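Take a look at the model below.

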Amino acid sequence: MGYEPIKPIADPGENLLLVDNARYHLYQVAYRETIPPSHPFVAEASAGAGLAAGGRIQAFNTNTILDLSEAQVGQFRAYVLDDVHVRMNQPGATARHSTGQLIATFNPFSKLQDPYDAMTEFFSFEDQRPILDITNPTGYALVQVRVAFYGFRFVLAGKEGISSLGGKVAPIETFENIKAARESGAKFAVVGVGGWPR
Amino acid sequence: MSRTFKNYKKGVFKTSPMVSITVAVAPGVQNLWILTAGRTAILRKLTVRNRQAAPVDLLIGEGGVQRMVLLQALNGVDATWTERDLQDWEFTGTITIQSTAAAVAPNEIQCQATVEEFQGPTG
């Protein structure tokens, strides 16, 4: 990935292998479109209330911003507009961007080191959006708590095609492990759509 | 903290609240910028308006301890020192400002700063 501008993980016609709960689901990309950086995708996590010095917003739900319809996956990057630390959980109980003992954050310094937000990249499948845990590290109240997202939306096709009626779409194939997925002969890009428990 | 590896650091710029120097606050030390816990900061810009009848010397310090050469704020003019003028002292504590004026009424000397904060282990 590197410190590069965002690029779509796959083109239409290519395959994605979604990794969720240590299982591997193979889908084909049917359609792709961009989600450019824009004001509808700026979350104001305090809902106008601001955030007190040292304060915390636990479990901010990104559902209204990042939720997708059935059989769609988003490739997103994020940056903050205020001096806050943002931890990401996906699903709610699993910390993303974590090591054995620590959880990395998105914060104002992230963009200084990584101007393309490359290290913030994450994927969100259907309504399995991330939940944010936001803290104000400063000694003063913040009047706004803004986190912005941008990226791509992919419409996926399973073995019976796309979700034309809005229903669930079964993957082309589900594998128990990555070895089986590789041995299937299919070409794919691997995408984590939920944290891998530490 | 005196030596700053300027070329290797990147910080976020913050603007302080407006500070009015008054000797009524003994001993006249005003907090110009209170650091975010765990961070350090370098003073990048200082704007001062001295509305008194005479110039004053300003003492920039860390918790009241002088860290920079005195700056003279002429009266009746706008004074701004920018990154080119200010030393890159890396503050690890509250940045303070004092005036040498013997008596100052509120808002006679107004100051405002921009600092560059650097990330620390907690901030």
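Is Arg56(A) buried, partly exposed or exposed? Arg56(A) is partly exposed, with a relative accessible area of 46%. Here buried means under 20% relative accessible area, exposed means over 50%, and partly exposed lies in between (1.4 Å probe, protein chains only).

This is a predicted model, in which local features need pLDDT of at least 70, side-chain atom pairs count only at pLDDT 80 or more, and totals for chains, interfaces and linings use all residues. Residues are numbered from 1 along each chain as its sequence is written, chains are lettered from A and ligands numbered from 1 in the order in which they are written, and side-chain values use heavy atoms, with hydrogens and water left out.

**Where the chains meet**

- Chain B gives 13 residues to the contact and chain A gives ten (contact means heavy atoms within 4.5 Å).
- About 910 Å² is buried between chain B and chain A, and carbon and sulfur atoms give 56% of that. Buried area is the accessible area (1.4 Å probe) that two parts lose on being put together, summed over both.
- In chain B, the residues that lose the most area to chain A are Lys10(B), Val12(B) and Gln119(B), together 47% of what that side buries.
- Six residue pairs are in polar contact between chain B and chain A, both at pLDDT 80 or more. A polar contact is a pair of N or O atoms within 3.5 Å; within protein, one must be able to donate a hydrogen and the other to accept it, and residues adjacent in sequence count only if both atoms are side-chain atoms.
- On the side of chain B that touches chain A, β1 (12–15) and β11 (109–118) of chain B are the elements that give two or more residues. Strands (E, at least two residues) and helices (H or I, at least four) are DSSP runs, numbered from the N terminus.

**Salt bridges**

- Side chains of opposite charge can pair when their charged atoms come close.
- The structure holds 20 salt bridges over all chains. Each is a side-chain nitrogen of Lys or Arg within 4 Å of a carboxyl oxygen of Asp or Glu.
- Asp133(A) pairs with Arg56(A), with the closest N and O atoms 2.5 Å apart. This pair links distant parts of the chain: Asp133(A) is in strand β8, Arg56(A) is in strand β4 (residues 56–61), and they are 77 residues apart.
- Asp133(A) counts as buried, at 10% relative accessibility.
- Two salt bridges cross the interface of chain B and chain A. In one of them, the side chains of Asp83(A) and Arg39(B) meet at 2.8 Å, N to O.
- Both partners count as buried: Asp83(A) at 7% relative accessibility and Arg39(B) at 2%.
- Lys111(A) and Asp117(A) also meet in a salt bridge, at 2.9 Å, N to O. Lys111(A) is partly exposed at 34%, whereas Asp117(A) is buried at 2%.
- Shared partners join Asp83(A), Lys14(B), Arg39(B) and Glu117(B) into one network of salt bridges.

- Most residues other than glycine have a negative phi, and most peptide bonds are trans.
- A cis peptide bond joins Gln90(A) and Pro91(A), with omega about -5°.
- Pro91(A) lies in the loop between β6 (85–89) and α2 (108–113) of chain A.
- His97(A) is in the loop between β6 and α2 of chain A, and its phi is positive, near 55°.
- Glu126(A) also has a positive phi, about 50°. Glu126(A) is buried, with a relative accessible area of 5%.
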